[in-house]
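Trainee: I would like a close look at one part of this model, taken slowly.

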Amino acid sequence: MIQKISRQKASHQTLDQIKQSISDGTYPIGEKLPSENVLADAFGVSRVPIREALGVLEASGIITSRQGGGRRVIDHSILSKYEPIVMEVARPQEIDALLEMREVIEHEAAAIAALRRTPEELVAIENAHQAFILATTQNKNIGHKEDYQFHRTIMVASHNPFFVRILDNMHELYLGVLMYSLSQNKGREVETERVIAEHEAIVEAIRQQDCDETSHKMRLHLTNVRGKLNRLQQEKR
């Protein structure tokens with residue numbers, strides 16, 4: 001259901017509603033979007049915010065335009081595009097499948113890292129954890145890059161180069177999901193504190209070289225991420 005747009009940040013509100021319509025299948029892949037005039041009348045705004053919103057979607061690779069042919073929704077699978085805005089309209093099954101893959105790989109890699117890590121690698125993991133805390137609590141950043149490095153240092157400590165290769169080969173995809181997930185914590189200090197506490201529990205288990213506890217804490221952490229994103233998808237419906 002299209003809702004009338006208030007004057008404040010009309011292009012942002014328009015963009016949010018069009019994204020939602022693409023996400024929920026109102027405008028499926030291959031579907032031709034209504035013209036700028038039709039959308040402007042439906043939203044109760046001028047063509048300017050409509051054009052701005054469509055421009056963002058086109059730049060992000062979610063829609064395409066052809067001269068005389070209007071604009072159409074194109075395939076925006078997260079397997080081929082990593083822009084954060086694509087994550088917002090990605091099929092929930094894709095995001096869930098990626099997080100499921102992370103659970104399977106990372107909890108085992110973390111358990112192995114707990115046994116094999118060197119003192120220097122433990123320091124690297126601790127430093128990565130502190131960098132995430134600094135980024136999210138003091139600098140008020142999303143912290144997705146620091147989160148990625150935290151998980152990567154654990155992979156490195158496993159001394160299995162294939163774990164690291166898998167992570168590096170999916171670097172942009174991981175970053176996209178991390179940015180999308182952690183951006184939901186902005187302004188929600190409780191959520192940020194929860195992530196920090198879960199990271200700290202993982203670090204402590206690795207510090208004690210307790211492989212079973214490390215595996216458990218990593219799986220719990222990633223299960224919580226998966227659950228949070230599933231809830232967000234449910235709220236959108």
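Which residues have the most contacts inside the largest nonpolar core?

Mentor: This is a predicted model, in which local features need pLDDT of at least 70 and side-chain atom pairs count only at pLDDT 80 or more, while totals for chains, interfaces and linings use all residues. Residues are numbered from 1 along each chain as its sequence is written, and side-chain values use heavy atoms, with hydrogens and water left out.

A nonpolar core here is a set of buried Ala, Val, Leu, Ile, Met, Phe, Trp, Tyr and Cys residues joined through side-chain atoms within 4.5 Å; buried means under 20% relative accessible area (1.4 Å probe, protein chains only). The largest such core has 17 residues, and those with the most contacts inside it are Ile18, Ile22, Ile50, Leu54, Leu57 and Ile63. Two or more residues each come from α1 (10-23), α2 (36-43) and α3 (47-59); helices are DSSP runs of H or I, at least four residues, numbered from the N terminus.

Take Ile18 as the example. Leaving aside its neighbours within four places in sequence, Ile18 is in contact (heavy atoms within 4.5 Å) with Phe43, Ala53, Leu54 and Leu57. Apart from this core lies another, of 14 residues, among them Ala110, Leu122, Ala157 and Met218. In soluble globular proteins, nonpolar side chains tend to be buried together.

Beyond its neighbours within four places in sequence, His221 touches His151, Val195, Glu198, His199 and Ile202.

Technical notes:
Buried < 20%, exposed > 50% of the residue type's maximum accessible area, 1.4 Å probe, protein only.
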